[in-house]
Structure formats: structure tokens, C-alpha cells
Amino acid sequence: MVSFASTIPSLVSLIPSPSSISNASRHPPQPGMICCKFGPELNNEDRFHRRDILQSVGAAVGMDLIARSSAFIEVANAADLIQRRQRSDFQSKIKLTLYDAIKANPDIIPSLLTLALNDAITYDKATKTGGPNGSIRFSSEISRPENKGLDAALNLLEESKKVIDSDSKGGPISYADLIQFAAQSAVKSTFIASAISKCGGNVEKGTLLYSAYGSNGQWGQFDRIFGRSDAQEPDPEGRVPQWDKASVQEMKDKFKAVGLGPRQLAVMSAFLGPDQAATETLLASDPEVLPWIQKYQRSRETVSRTDYEVDLITTVTKLSSLGQVINYEAYTYPPRKIDVTKLKL
């Protein structure tokens, strides 16, 4: 880094000292001498004002500070890029592990979706408690009536967590993150399965179809919500309906309580029970929900399924962040230092 403070001495040396001024007026010029006279008779344009010196010094110091701060910013940016890369790599491993687990157990998908919904929808706006905090892992919460049948999904995630944590350099994944990313993987699996079905069961063509027309690029905001903290106790009871026994009005009221409406209720139909068709039939009995059910059913018949998939991703993203303070440095770790003295060049 170049320091501009080094220019200060050269500027100061241009300032005449009081003794040199008085000496110049006291001693007449001698032969062979060049006399520079400083006095009041010099006009303002010829003078070197102290203000000019101070301005020059200030500019030099300011430029030096800018240079130093720029170097600090470059170091900070480099550290930020390293952390982003670490989190991205870890997230990729999580997704791969969950993909493999779901692929081997496709029947577990509806339970994974409901598990994520029930963990998130405990959020209470008034007290700012609950939400997707992993509290559903506690035995006293997973055993509640609204969570009946979700044990298998939680057990699958427990096994996946062991695999993920064994390869983590930045600490174990939180249950809060694990449950929501499992839901993401489950949703993606249904999207890809639909594309394969549209291609007559041809996996290669279906995968290409989803890559070309699917909504995979819409998950950016969801992926950034990475670093949820785990609750240390179960969430209060009575915050989650029994979806298979609740009326449409009760479902609407619950969704409204967390800032969602009939549109989001309709698009989340697959999360409300193992039989999406039966759930949608029930939801369609409500005049506020019916138009949205019809909209998404039509969308699922198209090649791209854009309306349905984008709205579902948007809703899942919102649910997965309710009341959460995200630690954007989670799962990062100090990079390994290289001893250059041991390098063989």
C-alpha cells in the first residue's frame, strides 16, 4: 500500500522559518548570494499561506486514510467471500444427503411437508415466539395429536443429520434448518416427479424438462435463510390445528394469524395431509379459497407449472422464516493456514 503521509515533510520544508525571514532583512546581500525576500510588500498571490499548507497536509492524510480503509475493506470482502463459499458448500452437502434419503423413501414426502409446516406455524405474532425453530423434535411436541404419524419423518431426518454432521467443519446443522431444507428437497422431488410424468415416465427427459421450464431458480431467497437457531424447549400447545379434522374456516384463521391468506392456504394443500386431492376438495368448498384451488390445478396441467410452483416456493420461504433471527455466519470456520516455509517450490 502506498502512504501519502510521506509527502508531508516535503511540504513543510517549503515554509520559511521566522528566523530566516528576520535574518534576510537584517543582513544585506553579499556578492554571489541569491536573496529571497519575504515581507509584507509581497502580494497575496505570491505568498505561501499557512492555510495552503494545512489543506495540503489534510489532503495527504485523508488520502492515506482512504488507502488504509480500502485495504481493510478488501480484507473484509475476502473473508466474507470465504464464509459464503463455506456455507454454500455445506448447504450443497445437506441437499445431497436429503435428496438421497428422500429418493430412497419417497412415501415419506407428505410427512416431511407436514412436519415443516407444523414446526413453522407455531409462530405467534403477539409474543414473537414459536416458528420454524426445530421444537417439534422434542418428544412432548411430536407426540401431540396434530403431529400424529410424523415420527417416521423425524426419524429419517435424525439419520440424515448424523451423516451431515459427520462431514461438517462448521458445527452440526440445527434441527430448525434441517426440517425446512428437508421440506424444500421434498417439494423439489414432487416438481421433478411431475416433469417426469409429463414425459411418459422418462427420467432423463423429465429432468431436462424441469431444468428447462421448472422453478429451480426461484429458491434463492429460501437458500439465504440459512442459520436458524434451535429452540431449547417445546412450543406451547394449542397453536397447530389437526389438519385432517379442522374446518376450512379454522385453517383460514390459522393462516391469517401468521400473515397468510386463502391464496397461500390453497397453494399449501399438499402440506395439509397425505391426500392432496381430498384436501383440495375440502378447501374448494370455501368461496374465498375456491378460485385459488382452480388456478393452481390449471397451472399444474401446464408444462412449466409456473403459477403453482412459484407461489408455493414463495409461501414456503415465508413460513420458513417466521420469527427467526438468522445467523449468517453459521457453519463457517477459520480457513486452514498454509505454512509457506514447508512448500516445495
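Student: Which helix does Ser-166 lie in?

Tutor: Ser-166 lies in helix H6. Keep in mind that this is a predicted model.

Student: Ok. Is Ser-166 buried or exposed?

Tutor: Its relative accessibility is 61%, so Ser-166 counts as exposed, the cut-off for that being over 50%.

Student: And what does the side chain of Ser-166 reach?

Tutor: The backbone oxygen of Val-163, at 2.7 Å.

Student: Staying with H6, at what angle do H4 and H6 pack?

Tutor: Helix H4, residues 109-120, packs against helix H6, residues 151-166, at an angle of about 90 degrees, and their axes are 8 Å apart. H4 and H6 are therefore roughly perpendicular to each other.

Student: Which residues make that contact?

Tutor: On the H4 side, Ser-111, Leu-112 and Leu-115; on the H6 side, Ala-153, Leu-154, Leu-156 and Leu-157. By type, the residues of the H4 contact with H6 are 6 nonpolar and 1 polar, with no charged.

Student: Now H7 and H8. How do their axes cross?

Tutor: The axes of H7 (residues 175-198) and H8 (residues 203-213) come within 7 Å and cross at roughly 120 degrees. That angle makes H7 oblique to H8, because roughly perpendicular covers 65 to 115 degrees and roughly antiparallel starts over 145.

Student: Left-handed or right-handed?

Tutor: The crossing of H7 and H8 is right-handed.

Student: Who is in the contact?

Tutor: H7 contributes Lys-188, Phe-191, Ile-192, Ala-195, Ile-196 and Lys-198, while H8 contributes Val-203, Gly-206, Thr-207, Leu-209 and Tyr-210. In the contact of H7 with H8, 7 residues are nonpolar, 2 polar and 2 charged.

Student: What does Glu-280 touch?

Tutor: Leaving out residues up to four places away in sequence, Glu-280 touches Ser-269, Ile-293, Gln-297 and Arg-300.

Student: Last one, the whole chain. How many helices and strands?

Tutor: The chain has 14 helices and 0 strands.

Student: And how much of the chain is buried?

Tutor: Buried residues make up 39% of the 345 in the chain.

Student: What about contacts between residues at least 24 apart?

Tutor: Taking the contacts between residues at least 6 apart in sequence, 75% join residues at least 24 apart.

Notes
Residues are numbered from 1 along each chain as its sequence is written. This is a predicted model: local features need pLDDT of at least 70, side-chain atom pairs count only at pLDDT 80 or more; totals for chains, interfaces and linings use all residues. Side-chain values use heavy atoms; hydrogens and water are left out. Axes are lines fitted to C-alpha atoms, for helices over the stretch in contact, and angles run from 0 to 180 degrees between N-to-C directions. Helices (H or I, at least four residues) and strands (E, at least two) are DSSP runs, numbered from the N terminus. Angles under 35 degrees count as roughly parallel, over 145 as roughly antiparallel, 65 to 115 as roughly perpendicular and the rest as oblique. A crossing is left-handed if the near helix is turned anticlockwise from the far one by less than a right angle, and right-handed if clockwise. Contact means heavy atoms within 4.5 Å. Ala, Val, Leu, Ile, Met, Phe, Trp, Tyr, Cys and Pro count as nonpolar, Asp, Glu, Lys and Arg as charged, and the others, Gly among them, as polar. Buried means under 20% relative accessible area, exposed over 50%, partly exposed in between (1.4 Å probe, protein chains only). A polar contact is a pair of N or O atoms within 3.5 Å; within protein, one must be able to donate a hydrogen and the other to accept it, and residues adjacent in sequence count only if both atoms are side-chain atoms.
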